[in-house]
Structures are given as C-alpha cells and as structure tokens.
Amino acid sequence: MRDCIVIGSGVAGLRAGIELKRLGIDVAIFTKDKASESNTNYAQGGIAVCLSKNDNFDLHIKDTLIAGAGLCNKKSVEILVKEGPDKVKELIDWGCQFDKNENGELNFTKEAAHSVNRILHANGDATGSEIERTLLNKAQKESIEINEHYRLIDLLVENKRVIGAKFHNLKENTLNYIYAKSVVLATGGYAAIYNHTTNPSLTTGDGIASAFLAGCTVEDMEFVQFHPTALNYKKAPSFLLSESMRGEGAILINDKGERFMEKYSKQLELAPRDIVARSIFSEMQNNLKDHVYLDISHLDSEFVKKRFPTIYHECLKYGLDITKEPIPVSPAAHYTMGGVKTDVDCKTNISGLFACGECACNGVHGANRLASNSMLEGLVYGARAA
Ligand SMILES: Cc1cc2nc3c(=O)[nH]c(=O)nc-3n(C[C@H](O)[C@H](O)[C@H](O)COP(=O)(O)OP(=O)(O)OC[C@H]3O[C@@H](n4cnc5c(N)ncnc54)[C@H](O)[C@@H]3O)c2cc1C
C-alpha cells in the first residue's frame, strides 16, 4: 500500500505531488491522458498574484470577494492571496519564465474586475503551458512517479476512510486497483460536458462524480463560469479569446458595429466575466444573432502578434486575422466554481481523501471566479493538500 496517490497532473496535482515528495512521503501520480494534457496546459491569460508595487493583499482580497458575488469563503480567499506570492516566486525559482518588460522586470497585466495590474503571463498568451512545463520538469527532477493513461473510475472507501482507487488502464485496457493510505483528487472541473466549451475533452468532472458516489459532499455545482469571448465561427472549435485582449484594449461590438458594453456596465469590457457574458447574451438575443464581435484591430498589429501569438495563429487557421478584423465570439462554458467540498486544508468529509484545484470547492471563488485566480489556487491549495 502506498502512502499517497495524487489523481490528476495539472497545476494542482503536480504541485501537491512535489510538496508530498518534499515532505518525504511516498507518492505516485495517476492521470487520464499524457501527463501534460490538462486545462492547465491550455490556460492563456496568466496567473493573478499580489507581487507588483501598486498592489496589496487587501486589494486582491477585495477584488476576489466582489467577483464572487458575496459567496466566497473569506478565509479561503485570504489564504489564496497571502500564500500566493511565495508559491509564484518558488515557481520562478524552478525555471518558470514569465514575460518581462524592457527593464527586465516582471510584466503585470490587467484583466476584468482586477483593480490593478497583477496578472503575470508567459510567452504572451501561453501561460498555462509554461507553468505545466515547469512543474513537470520539477516533478521529473524529484523522480516523482507519473502513471499516464490511468482513468479514475471509482474511489475505494471502507468505513468512511479512503483506501485507494480503481483505474482503467487505457493503454493496456485493464482494471487496476491501487491501494493508498490517502488520496489527493486533482482531476479538474466539468465544463467540457457543455456543447459550447473552452475546455479540452477530458474535463468531464470524473473526480467530482467519483467522490460524490463515494459519499463526499459536493457544493456550488450550479456555479459554472461562462467565458464571454470564445471563438464562434463556422466549424472552428470554441477557442478562447483571452480576457487579457480586453485588458489590452479590445472592444466588443454587435453586428451593427455598435460598441454596447456601456449599456450594461460602467466598467465596460472589463466588467466581471458573468456581467460581460450576460451582456453579450442579451445583445445576441436582441439582434437574433448567435455571436457578437471582439475587435482589437485598432491596436498596433506587431504588438498584437507579439502579445497574443497563440490566439493570432489559431484564428488565422480559420482565415480570421485579429490584427485586421473583428472576430465573431460568444460565451462558452469555461470554469467550474463548485466541486468536492473541502476545508482550507483540502480535507473532504471522507477520511484520508483530499481535493484541490478546480475539482474542489473551498469557497475561494464564490459564485464567480476572479479571472486568473485559478492557477494560483492550484499552486497554493495543491501545496496545502500535501
Ligand atoms: C482555454 C483555457 C484558458 C484558461 N486560462 C486561464 C488563465 O489564464 N488563468 C487561470 O488562472 N486559469 C485559466 N484557466 C483555468 C485553469 O486552466 C484551470 O482552472 C486550472 O488549470 C485547473 O487546474 P487543475 O490542476 O485543478 O486541473 P487541470 O489542469 O484540468 O488538470 C486535471 C488533471 O486531472 C486529470 N484527470 C481528469 N479526469 C481524470 C480521471 N478520471 N482519471 C485520472 N485523471 C484524470 C486530467 O488528465 C488532468 O491531468 C483556463 C482554462 C482554459 C480551458
């Protein structure tokens, strides 16, 4: 029997695994696909963290609580914000290359509902893959065992205590029972069960379902965040057009070419996600259209290409040039605020079973996640789970 198994290899699972190893605990990670395949790997805009000169803990806490619509757990938010900077600095020490300005200082950008610039990004709009790369490298350096293509089917529970998990080994098509004294669930959310989604197909809430079937309490399952601006064009996938495009000055227009956010919020395009998504939906309904447009073509084209290389190239694949024309967008399911109910130490109501990251619900996001708080959550609460 192992001391601990971690299920999932996104930011939360990897961070938990690394911390467990550091504590001298025998740990192995099991994951459904290739190790790098996760929502984390696709995250674009960045990671929110209170590290810039203009920022302070109170401001980041306040912004998070406001976005959460009064339904956050304040203690969870305080932990996230206050433990975040050390976790991000550690990530930098492990080789994570966040973008810097011309003076060689970290370059903080702004996203909706943040009152100051506090989002670190990497390779323009490919922050998640840089974080995933860094954590996988670190896990490899620490010789952490990662078992790929193991799909969690059921958690094994005896007398209200977890004793391991049952997996489908997808490569060998076998059932494997792995016994462990404790299990950390880090299996991500369930936004891929929606028709319009920004998530990769593996994000189907398997861990939350297994925990529920094993007797765990789940919470806030009704709170699913729709990203306001996913590509909506012919047969193209609902590819995300990051919030940071609006942070850099992109505007929303309807099919009559009118900028419409002033009708809905004083914060215009930088209102919280739920407000922007609902405003777009109203505009689509009022005009009997299935999309509006996101327009960044008024900015310098070289800047746009450098700042948003992934988005630029992905749109170009479908014949859309973001430097020259408005891009058709509509809201798509993006992030699950709810999940397995935990306390601030990631404990569930089943002894020995812990949950962290998007599959968990410790109240840090309330009814609505503040943009870019989720990868920070994975780092902070992944380590706490350990
Ligand atoms: C397109 C996109 C852009 C985003 N941009 C940002 C951003 O800019 N900033 C930000 O903070 N957040 C962003 N997010 C959200 C963020 O990526 C996630 O909330 C975060 O990465 C979740 O991390 P996690 O470790 O909890 O889960 P994930 O990264 O989703 O990892 C889950 C892991 O569990 C594994 N797994 C799932 N089911 C099973 C199973 N049955 N058996 C075994 N393993 C399983 C998966 O294979 C995967 O390894 C974005 C998300 C998307 C989709």
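Let's start at Ser 279, which lies in helix 8 (residues 273-286). Helices (H or I, at least four residues) and strands (E, at least two) are DSSP runs, numbered from the N terminus. What you're looking at is a predicted model, where local features need pLDDT of at least 70 and side-chain atom pairs count only at pLDDT 80 or more, while totals for chains, interfaces and linings use all residues. Residues are numbered from 1 along each chain as its sequence is written, and side-chain values use heavy atoms, with hydrogens and water left out.

Is Ser 279 buried or exposed? Its relative accessibility is 2%, so Ser 279 counts as buried. Here buried means under 20% relative accessible area, exposed means over 50%, and partly exposed is in between (1.4 Å probe, protein chains only). If you skip the neighbours within four places in sequence, Ser 279 is in contact with Phe 260, Met 261 and Tyr 264. Contact means heavy atoms within 4.5 Å.

Now zoom out to the whole chain. Its secondary structure comes to 11 helices and 17 strands. The radius of gyration is 20 Å, close to the 21 Å that the globule rule gives for 386 residues, so the chain is as compact as a globular protein of that length. (That radius is taken over C-alpha atoms, and the globule rule is 2.2 Å times the number of residues to the power 0.38.) Along the principal axes, the C-alpha atoms fill a box of roughly 65 × 45 × 40 Å. Of the 386 residues, 60% count as buried. How about contacts along the sequence? Take those between residues at least 6 apart in sequence: 69% of them join residues at least 24 apart.

Next, find helix 11. This helix (residues 374-385) has 12 residues and reaches 15 Å from its first C-alpha to its last, close to the 16 Å expected at 1.5 Å a residue. The expected span is 1.5 Å times one less than the number of residues in the helix. Since 11 of the 12 residues of helix 11 are buried, this helix is largely enclosed by the rest of the structure. Among those buried residues are Met 375, Leu 376, Val 380 and Tyr 381.

Which way does helix 4 (residues 74-93) run relative to helix 11? Their axes come within 8 Å and cross at roughly 95°, and therefore helix 4 and helix 11 are roughly perpendicular to each other. For the record, axes are lines fitted to C-alpha atoms, for helices over the stretch in contact, and angles run from 0 to 180 degrees between N-to-C directions. Angles under 35 degrees count as roughly parallel, over 145 as roughly antiparallel, 65 to 115 as roughly perpendicular and the rest as oblique.

At 11% relative accessibility, Ala 383 counts as buried. Leaving aside neighbours within four places in sequence, Ala 383 is in contact with Arg 15, Glu 19, Lys 87 and Gly 378. Its C-alpha atom is separated by 39 Å from that of Ile 322, 61 residues away along the chain.

Helix 10 (residues 309-317) comes next, with Ile 311, Tyr 312, Glu 314 and Cys 315 as its buried residues. These pack against helix 7 (243-247), helix 9 (301-307) and strand 14 (327-336). Helix 10 is followed by Gly 319, whose phi is positive, near 80°.

Speaking of phi, most residues other than glycine have a negative one. Asn 123 has a positive phi near 45°; you'll find Asn 123 in the loop between strand 5 (119-120) and helix 5 (127-141). Cys 346, also not a glycine, has a positive phi of about 70° and sits in the loop between strand 15 (339-341) and strand 16 (353-355). Asn 123, at 43% relative accessibility, counts as partly exposed, whereas Cys 346, at 1%, counts as buried.
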